[in-house]
Amino acid sequence: MEKNEYDITKLMEEDTEYPGSYKIVLRPISRKEFRLDYWTGSFLMAAVAYLAVSGMLLFYYYQSGHPYSSTLAITTTVPFGYALLTSHLYMAYAMIVLVYAHMLRNYFVGAYKGKWRWLQWILGVVLFILVYTTAIVGYMLTYTYISVAATHVGELLIERSIIGRLLPGLSNWLISILVGNGTTAQTFSHILGLHVMILSTLIIIVAFVHFFLFEKSGPYGVKYEKNERMVPWFPVNLLYTVFLSLMFIGIILVFSAVFPQVIPDAYGLPAYGTLPFPDWYILPVYKLMDTAGYGLTTGGVPLVLAFFVFLLILPFIDRYKGTHPLDRPAITAFGVFIIVGIPTIALWGASQPGLSQTRLLTMFMWWGITFVSFATVYAMRFARKDGEES
């Protein structure tokens, strides 16, 4: 098995494995790599590019002093404004789905092992966090009831996190970065700055380094024959990437035209008989705040932190030798737990918004998902071994 390379000074060494390679390698690939599951990273880069361009266009018309009215003005007065705003939202949705798909694929195949893949994986987790944070911060910009509530929840998360409990001065400074002095104009100018300048710039920088590391390490699990013919990056791979990206963007634009975004009422307007709750990608954390004993003040923050800490240290704690998912049963079982648990708690939040759950019901859910995940994987592992021995 390929070993991890921890000497960072070797990152800029020229790669001589492939003819015509440079320090920032644009590798030739084999024909068997023209599979969609190998190109999820390219879809993500296309999403980043489209969000950057559409975000810059929206930035010209958005006014932080009048967040809601300027958002509505984009849909009514700007040419193709409704399509622009809707496609920006749906591309953000698509990017979140792609981040999950990309990370889960690499998680189950063990693509965080070998050469620079450990660092590539860590930067992927950082990208996951940045994408989520950027989406949530962008979600706050509309000045609807739920966006204002999300801003207040963000303040509470900072106050009741480890930083807030141990270093209250630092947490107050972080809150001031988020909301400023609390006035509408300053709060939304701060949120806009975080969304457009700081977080988006970090995503582009980390994505570039992530792509660079992928080119250095190559695709995981692909074995080349001795005299196998390689397809050059230019123009074949470049044209293939551009074609996939344009098809992907086209699908999002068509979807945006058919299902235009519905903008909720502004903050402060009464909405009788409705209980607003956040978008689907925030629902898991939203529901964690309702579960007794595991809510915002206790388990909600630690559980989220523990999830990301596990992902960050995964390349160093996975000591399994095999590459098949069933050769790494505990790691695979936890992945199944993620796949089952996150949609379950999201659906729970959508079906019972704002309804706190008892500790017994919460424990029954968590332990039930845990049992199903681990029992299924270990049963499949046992059946696989039994089949190999018979």
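This is a predicted model: local features need pLDDT of at least 70, side-chain atom pairs count only at pLDDT 80 or more; totals for chains, interfaces and linings use all residues.

Me: Where is Asp-318 placed?

Reply: Asp-318 belongs to the loop that joins helix H11 (300-317) to helix H12 (329-351).

Me: Is Asp-318 buried or exposed, and why?

Reply: A residue is called buried when its relative accessible area is under 20%. Asp-318 has a relative accessibility of 6%, and therefore counts as buried. Setting aside residues up to four places away in sequence, Asp-318 touches Tyr-112, Lys-113, Arg-328 and Ile-331.

Me: What does the chain as a whole consist of?

Reply: The chain has 13 helices and zero strands. Of its 390 residues, 43% count as buried. Among contacts with a separation of 6 or more, 79% are between residues 24 or more positions apart.

Me: Which residues of H12 are buried?

Reply: In an α-helix there are 3.6 residues a turn, so residues three or four places apart point the same way. The buried residues of H12 include Ile-331, Gly-335, Ile-338, Gly-341, Ile-345 and Gly-349. Thr-332 is another residue of H12; its relative accessibility is 7%, so Thr-332 counts as buried. Apart from residues up to four places away in sequence, Thr-332 touches Phe-108, Pro-325, Leu-326 and Val-377.

Me: What covers the buried residues of H2?

Reply: Helix H2 covers residues 67-77, and its buried residues are Pro-67, Tyr-68, Ser-70, Thr-71, Ile-74 and Thr-75. Their cover includes helix H1 (40-61), helix H3 (81-109) and helix H8 (184-217).

Me: How many residues does the largest nonpolar core have?

Reply: In soluble globular proteins, nonpolar side chains tend to be buried together. Here the largest nonpolar core has 69 residues, and those with the most contacts inside it are Met-91, Met-95, Tyr-107, Trp-121, Phe-248, Tyr-281 and Leu-311. Helix H4 (residues 117-139) supplies the largest share of this core, with 14 residues.

Me: How much space lies in the largest cavity, and which residues line it?

Reply: The count comes to one cavity of 30 Å³ or more. About 100 Å³ of space lies in the largest cavity. Its lining is formed by Tyr-100, Met-103, Leu-104, Tyr-107, Trp-121, Phe-128, Phe-307, Leu-311, Ile-338 and Ile-342. The elements that give two or more residues to this lining are H3, H4, H11 and H12. H3 gives the most, with four residues.

Me: Which phi angle does Phe-80 have?

Reply: Most residues other than glycine have a negative phi. Phe-80 is not a glycine, yet has a positive phi of about 60°. Phe-80 is placed in the loop between H2 and H3, and counts as exposed because its relative accessibility is 75%. Tyr-143, also not a glycine, has a positive phi of about 60°. Tyr-143 lies in the loop between H4 and helix H5 (145-159). With a relative accessible area of 21%, Tyr-143 is partly exposed.

Me: What separates the C-alpha atoms of Thr-201 and Ala-52?

Reply: Thr-201 and Ala-52 are 149 residues apart along the chain, and their C-alpha atoms are separated by 9.4 Å. Thr-201 lies in helix H8 and is partly exposed, with a relative accessible area of 38%. A polar atom of the Thr-201 side chain lies 2.3 Å from the backbone oxygen of Met-197.

Note on methods. Residues are numbered from 1 along each chain as its sequence is written. Side-chain values use heavy atoms; hydrogens and water are left out. Buried means under 20% relative accessible area, exposed over 50%, partly exposed in between (1.4 Å probe, protein chains only). Contact means heavy atoms within 4.5 Å. A nonpolar core is a set of buried Ala, Val, Leu, Ile, Met, Phe, Trp, Tyr and Cys residues joined through side-chain atoms within 4.5 Å. On a 1 Å grid over the protein atoms alone, a cavity is a set of points where a 1.4 Å probe fits but cannot get out, and a pocket is an open set with protein on both sides within 12 Å along at least five of seven lines; lining residues have an atom within 4 Å of a point. Grid points are joined across faces, edges and corners, and a volume is the space filled by probe spheres set on the points. A polar contact is a pair of N or O atoms within 3.5 Å; within protein, one must be able to donate a hydrogen and the other to accept it, and residues adjacent in sequence count only if both atoms are side-chain atoms.
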